[in-house]
Amino acid sequence: MDDLLNEFLTETSENMDILDVELVKLEQNPNDPALLGNIFRLVHTIKGTCGFLGLPRLESVAHAGENILGKIRDGEIEVTPVAVSLVLECLDQIKLLLQELEATEEEPEGEDSDLIARLNAFADGNVIEQPEEQSDMAENTTAPAVETDFEPVEEEPDEFGFVPVRAEDTGKNIDPAAIAVEVASNVDEDDIPDSDEEASAVPAVVAKSEEVAREPSDSQKTGSVANQTIRVNVDLLENLMTMISELVLTRNQLMQILRNEKESEFSAPLQRLSHVTTELQEGVMKTRMQPIGNAWSKLPRIVRDLSIELDKKIDLQMIGAETELDRQVLELIKDPLTHMVRNSADHGIEVPKDRLANGKPETGTITLKAYHEGGHICIEIRDDGKGLNTARIREKVLDAGLVSESDMESLSTQQIQQFVFNAGLSTAAAVTSVSGRGVGMDVVKTNIEKIGGTVELQSTEGVGTTFSIKIPLTLAIVSALIIESAGERFAIPQISVVELVMASANSEHKIEKIQGTPVLRLRNRLLPLVSLQNSLKIDSAEEADEVADSDETFVVVGQVGTYSFGIIVDRVYDTEEIVVKPVAPVLRQISVFSGNTILGDGSVILILDPNGIAAHTGDLSLVDATNQDTAASGEDGDDSRVAMLIFRAGDKTPKAVPLALVARLEEIDRSKVEWSGDRALVQYRKQLMPLIPVVEGSVMEREGMQSVIVFSDRERSMGLIVDEIVDIVEDRLNVELNTVNEGFLGSAIIHGEATDIIDTGHFLTLAFDDWFGNANNEGFETGKGRKRSVLLVDDSAFFRNLITPMLSVEGFEVTSVDSVESAMHLCEKGRRFDIIVSDIEMPGINGFEFAQQVRAGSAWSEVPMVAVSAHTAPKDLDRGREVGFNDYVAKFDRTALINTLHHTLSLH
Amino acid sequence: MKSCLVVDDSRVIRMVARKILEELNFDVDEAEDGQVALERCKVKLPDGVLLDWNMPVMNGIEFLVALQGIPGGADVPVVFCTTENDIDHIREAIGSGASEYIMKPFDSEIIQSKFVQVGLL
């Protein structure tokens, strides 16, 4: 293409972008002469340059537009929405002609006498056709935007192959035609005018460039102003980036060689080379950075057109338009963003009448916000509209057969809302020309995830919807941790690595690795673990054994969203800057890999995708963060299962204790056990911890290692001496009560074997006489010194026996009953309690019904109630609150139960 | 070789002007508005100026007035461009110190003849 034509197309489409923004601003500030002057000048320039290239058709359209603008500037015509729409229509025609011109390199045939006649008629004050014109116009102006729902709507400067680039960092850019791409980041914070900056961040960028130019600073080198920016072809930049990537790899390779040499004369120059490479890399990355405002510049116009078409009042706020990100990423998110804003305007914001009826301001607000966070950029799209209609989504989901009706029951509101990201769901009652055609949010989500981003949705019916997008700043080079598993090396993106833990038999962190469900207890949290070797199915039999037996294992603690998990690896190397190369198409289906790279030593390794690996940690739902802490107990839809720790002590009968009660598992060196009479004590975390045998009177050996189950309560710990830790299992608990043996609650069939369930309370009392005494319960009593009374309703004797001593420790007076009927009987007898704790799943009358009975005018109607249940799905919590429970606690989470009791009581 | 400063906010027009002027054997420098042009002139006065009228930041007339304030600035021949067939603008420009005016779109021929008139060729 002819250079001149190329330049013309670039310059003119830049000007068109500015014009779109400025005109929308003008509509809001019709009396701003500076705005008017700028708009007039831009159209004038377009017309002027057309003359040079011999483009009479374009020139005549631009001339007609200039004509109206001239009259407006001179005060002959008022700025009305009709006038602005007409000018916008004129600009759209220019864009259309430009598109053709770009495609064919020739001005298209035809003429625009109709449009020009209307423009001229308007300019001459002939406004008779106004109403008709307006509707006509609204259709026309939005036409290009509507038809290409997910294509780039108009021409971009970039599509001509150019992008403005900073020549020097100090620049005070002056050419507003260069749409101040670089200005935003260059201008000192102080220079930025605060006034309605937020309201119109993109246009403000342009204003800024002018402002700065008017006050050239003293330090500025005279005469150098115009050379602050140069324009280079995007291909050139891309090429540079690729070369830098290769350079980084070669550098890494050299550094690797150097590391193996003890002393080398190359050491100093190589260090220098490394340094320069890093700076070079950063520099080139910077040239690719563009403010996100570039992707937003079309939005004011789109929202404006939509608000006219849909008869709504919408204010678009843009915050953080100067936030920079890689242009490649920018290109990729531009369409999703546009789509989401369009959705907000169309589906989110209500018509003024409805807004007023709901007590909201007539004008709806859509807020776009961008900011940096770590190596990510966060973008929020928030509207104060009607929010998602969960009931409708539910209907649609059922209609589409995505979820069965019974499964739907267990989904929380938030989970149901996530279905808007599914293909084929549109909740718009009427399909408008704008959106609601079932293409959309699924594409948005796919596109964002494609670049390693995430999109989350929060919506409250009647209040509004917020989409939060998080995307990496750049895609090309990332920092990654290099690890080894079964002799193969892999890279894990540093961004998803939270910490590294070395687990060994003797250290504080130990993998409780029992029969395929390994977990790591880390700072009182159970992390599900996944063995890289197993999940990648790497065969190396002899090594596998070696690893299992080795004392040290490395766990890479990763995080995906709110979900934490551990990856068991054999070795951890260094972190390295790696160049991400896309994964070969043949491997693309495998979710655990996100790409590959070449390491310093020249070897090609695969990059792991933490998202994919997280999926391997089992059937843990990634969505439900509430279950994190009980991760080990899993979430397979059967919530009444309890995780039990199985061990052996004394006889051959397996014994079990609820895992939730266990603080940790230890191996203690028997030679370190101290004896005080018959009592064994061991120094544990700077305290003496009593060791209690499960079978009374059994003698502990004096040498070797001893397995101990540690129970902790506040500062105190007690160790239960066992022969062997067998397993952690999840099973439905059905305890047959038998009180013959002291220290046992009874037995249950676990995994087909009769297992004794131990009574933790018994051993705790053995360890500390006052464990259940009055120690540490100050402040939990009422002012008169009366103990708070608790009514515990649970059909499971096991649970009652577990909870009763625990609550006694806390200074509660506990009365327990096994059914709602018995409880109501107490009520009729006139018993009063300070608080009621009730199970939900009970034969006969269940907990929900119990609460309804109590709340329905019984003598206890004012008594606070806390539900305890294995079912802690959000839906259950909602239901619990509905029927009158003050709070809802997961079974076996004793800390939560106690905290909840104190909290609830303090409120009453 | 004589130097000429082309002042216009449009890159396209600067490109055209540069092409024409370089063919006429000028050493061409560019500025995208009056402010930038003025900074250039303060450093080194060109032999001639081809000046647009409607520009952001500092328009052609403002530049002309300021140029007169620079020592020697008043002696620099300035050819003033306009697309508007507006006698007032032309009069204002000539009054502010422009030597000649020229209508856009210009071509090599018209530039050549105007530059001859102001003694640049």
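Q: How many helices and how many strands are in chain B?
A: The model is predicted: local features need pLDDT of at least 70, side-chain atom pairs count only at pLDDT 80 or more, and totals for chains, interfaces and linings use all residues. Residues are numbered from 1 along each chain as its sequence is written, while chains are lettered from A and ligands numbered from 1 in the order in which they are written. Helices (DSSP runs of H or I, at least four residues) and strands (E, at least two) are numbered from the N terminus. Chain B contains five helices and five strands.

Q: What pattern does chain B follow along the sequence?
A: Chain B has five helices and five strands. Read along the sequence, they give β-α-β-α-β-α-β-α-β-α.

Q: What percentage of the residues of chain B count as buried?
A: Buried means 20 or more other C-beta atoms within 10 Å of the residue's own, exposed means 12 or fewer, and partly exposed lies in between; C-beta atoms are placed from the backbone. Chain B has 121 residues, and the buried share is 48%.

Q: How are H2(A) and H3(A) oriented to each other?
A: The axes (lines fitted to C-alpha atoms over the stretch in contact, with angles from 0 to 180 degrees between N-to-C directions) of H2 (residues 33-53) and H3 (residues 56-73) of chain A are 9 Å apart, at about 155 degrees. Angles under 35 degrees count as roughly parallel, over 145 as roughly antiparallel, 65 to 115 as roughly perpendicular and the rest as oblique. H2(A) and H3(A) are therefore roughly antiparallel.

Q: Which residues of H18(A) meet H13(A)?
A: The axes of H13 (residues 327-348) and H18 (residues 441-450) of chain A come within 9 Å. Contact means C-beta atoms, placed from the backbone, within 7 Å. H13(A) brings Leu332(A), Ile333(A), Pro336(A), His339(A) and Met340(A); H18(A) brings Val444(A), Asn447(A) and Ile448(A).

Q: Is Gly704(A) buried or exposed?
A: Gly704(A) sits in the loop between strand S26 (687-693) and strand S27 (705-713) of chain A. It has 9 C-beta neighbours inside 10 Å, so it counts as exposed.

Q: Within what arc do the buried residues of H22(A) fall?
A: H22 (residues 760-767) of chain A has Thr760(A), Gly761(A), Phe763(A), Leu764(A) and Ala767(A) as its buried residues. They line one face of the helix, because, seen down the axis of H22(A), they fall within an arc of 165 degrees.

Key: Two residues are in contact if their C-beta atoms, placed from the backbone, lie within 7 Å. The arc is that of the directions from the helix axis to the C-beta atoms.
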